[in-house]
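Please keep the sequence and the structure in view while reading.

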Amino acid sequence: MREEYSYSPEVEGELPVEVRGTLYRNGPALFDRGGLRKRNLLDGDGMVQAFVFRDDGVRYRNRFVRTRKFIDEEAAGRFLYPSWSTQAPGGFWGNFLRMNFMGQAGITVFPWRGRLYAFDECALPYEMDPVTLATYGVSRLGLPEGLTIYAAHAKFDPVSGDWLHFGILYGPKPQLHLTIFAPDGSLRAHRSLPMPRKVYLHDWFVTRRYLLLSLHPVEMDFWPVLLGRKSMVESLSWHPEKGNLLLLFDRHLRGDPALMETEASYMWHSVNAYDRGETVVADFIAYHNPDHFVGRDPVAAAVMQGRPGEHACPGALRRYRIDPARRTVQQEIVEQGGNYEWPRVNELRRGLSHRFGYFLDARPGDFFWTKVCRFDFESGRLERYDFGPGRFPTEPVFVPLPGRPYTEGEKDEPGYLLTEVYDSNSRLSSLAILRAGRLGDGPVALVRLRHHVPFSYHGWWSPGMGEGITSS
């Protein structure tokens with residue numbers, strides 16, 4: 001996709017009066033330049049979308065994040081720089097000692113203190129205007145140059161208002177960074193330490209008392225990357241015999257982390273984590289083997305060549321129960337009846353106990369997801385809505401009811417789910433709005449776009465922002 005739009009899309013059905021605000025979404029949208037294509041579906045220039053819900057309807061806008069990489073390559077009409085799955089043109093000499101990849105700002109998007117920030121995988125974010133989606137430039141979030149690095153999956157604490165980040169500076173001696181901002185934007189805490197394993201890591205867990213990282217055994221061989229022989233993704237390999245190494249930090253970053261080992265499982269995304277007495281409970285979606293991403297012919301790469309690729313191991317819902325005092329961990333499979341991914345919770349319960357989780361599911365034998373799900377962690381009940389063959393939803397974002405408190409132990413969680421759906425039959429995209437507690441009823445409304453949108457990764461609901469979007 002290369003086009004940028006700003007218009008009022010047609011709405012089918014009735015927009016809920018409780019849904020007023022802006023849904024931001026981010027994901028890679030440009031994979032081809034100058035006759036060359038990126039080698040992995042997870043690798044492309046970031047594009048941010050905004051769906052603004054108002055009393056008079058919905059306004060839509062999308063803009064590419066004007067990173068330095070995007071600007072230079074747009075001017076040249078071709079790829080110039082290496083990215084994490086695709087080497088730069090020029091063979092060996094074009095990639096020799098070029099391991100510090102330029103950010104594409106194409107994974108997550110967060111509004112914070114009146115600005116919008118687009119994040120990539122362990123790079124500095126780009127600052128944007130939350131209304132126009134204009135790019136202001138790269139941001140260190142107010143910190144000195146070189147102090148820290150940020151991964152894509154930051155967490156907001158709904159109680160304290162803190163914004164928590166982890167990041168990894170990859171290289172032959174990778175360094176882990178943990179950074180916490182107070183609500184006023186000041187630095188509350190920062191810590192860096194050597195990574196105990198040279199692994200790739202995408203997401204983590206936050207509770208009211210702890211920070212948790214699960215170092216799964218997807219190891220990086222940095223030297224072929226530094227010597228220009230392989231891309232970063234091509235350097236990854238799966239070593240399940242080594243198991244997972246958990247790092248449990250005090251929330252205030254005091255003392256050394258507790259280290260615990262458990263069986264191997266690969267995690268893209270956490271659901272949520274919380275403290276239950278003296279135990280830490282962490283829910284996540286994981287794979288016995290990440291063959292869809294790392295292996296002989298992973299589907300994430302094969303699909304860029306029009307092939308099905310391998311994806312034999314589905315995503316299952318798992319749980320850690322951790323005893324920090326004894327430094328023990330139990331891992332259990334909570335639900336494994338499908339191929340699950342893209343989990344979210346009500347962000348008002350982030351770091352607190354949750355009863356419900358929301359995610360996607362695929363049809364048997366398929367890799368790409370057609371169903372949106374709600375799972376009840378107490379009863380074990382799984383509710384689904386299937387959009388049908390050839391219709392592919394994205395990560396479901398929970399919209400809480402305005403002014404409603406969401407407390408522990410409630411039997412229901414009223415609200416709405418927003419998921420962008422691509423219809424491969426019409427080659428158009430739409431935004432579906434579903435009642436979170438009644439998924440089986442299907443969408444209450446569809447915001448129908450006039451075009452398609454490539455599969456975007458992550459979204460964020462912001463009540464009340466973006467009202468200024470006009471037809472300009």
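Of the 472 residues in the protein, 60% are buried, where buried means under 20% relative accessible area, exposed means over 50%, and partly exposed lies in between (1.4 Å probe, protein chains only). The model is a predicted one, in which local features need pLDDT of at least 70 and side-chain atom pairs count only at pLDDT 80 or more, whereas totals for chains, interfaces and linings use all residues. Residues are numbered from 1 along each chain as its sequence is written, and side-chain values use heavy atoms, with hydrogens and water left out.

The secondary structure comprises four helices and 35 strands; helices (H or I, at least four residues) and strands (E, at least two) are DSSP runs, numbered from the N terminus. The protein has a radius of gyration of 21 Å, close to the 23 Å that the globule rule gives for 472 residues, so it is as compact as a globular protein of that length. This radius is taken over C-alpha atoms, and the rule is 2.2 Å times the number of residues to the power 0.38. Along the principal axes, the C-alpha atoms fill a box of roughly 60 × 55 × 50 Å.

The contacts and the surface complete the overall picture. Among contacts between residues at least 6 apart in sequence, 61% join residues at least 24 apart, a contact being heavy atoms within 4.5 Å. The accessible surface comes to about 18700 Å², of which 49% belongs to carbon and sulfur atoms; these areas come from the Shrake-Rupley method with a 1.4 Å probe, and for residues only the protein chains shown count as cover. There are 57 positive and 57 negative side chains, and the centres of the two sets lie 2 Å apart. Lys and Arg count as positive and Asp and Glu as negative, while His and the chain ends are not counted; each charge is placed at NZ of Lys, CZ of Arg, CG of Asp or CD of Glu.

Next comes the pairing of strands. Two strands pair if DSSP finds at least two bridges between them. Five strands form an open sheet in the order E1-E7-E6-E3-E35, with antiparallel pairing. Its edge strands are E1 (6-7) and E35 (458-462), each of which pairs on one side only. E1 is joined by two bridges to strand E7 (residues 57-64), and the two run antiparallel; tyrosine 7 has tyrosine 60 in E7 as its bridge partner.

Strand E14 (residues 175-181) is mostly covered, with six of its seven residues buried. It pairs with strand E13 (residues 163-169) in the antiparallel sense over seven bridges, and histidine 165 stands opposite threonine 179 in E14. Five residues separate E13 and E14 in a hairpin. Seven bridges also join E14 to strand E15 (residues 187-194), again antiparallel, with leucine 178 facing its bridge partner arginine 191 in E15. E14 and E15 likewise form a hairpin with five residues between them, and glycine 185 in the turn has a positive phi of about 90°.

In strand E27 (residues 356-362), seven of the seven residues are buried. Both faces are covered, with Phe356, Tyr358, Leu360 and Ala362 on one side and Gly357, Phe359 and Asp361 on the other. Strand E26 (residues 340-344) is joined to E27 by three bridges, the two running antiparallel, and arginine 344 stands opposite tyrosine 358. E27 is also joined by seven bridges to strand E28 (residues 369-376), with which it runs antiparallel; alanine 362 has tryptophan 369 in E28 as its bridge partner. Six residues lie between E27 and E28 in their hairpin, and glycine 365 in the turn has a positive phi of about 85°.

Threonine 370 belongs to E28 and counts as buried because its relative accessibility is 2%. Leucine 133 has a positive phi near 65° and lies in the loop between strand E10 (126-128) and strand E11 (135-138). Arginine 427 has a positive phi of about 60° and is found in the loop between strand E32 (415-423) and strand E33 (428-435). Is each of them buried or exposed? Leucine 133 is buried, with a relative accessible area of 1%, whereas arginine 427, at 63%, is exposed.
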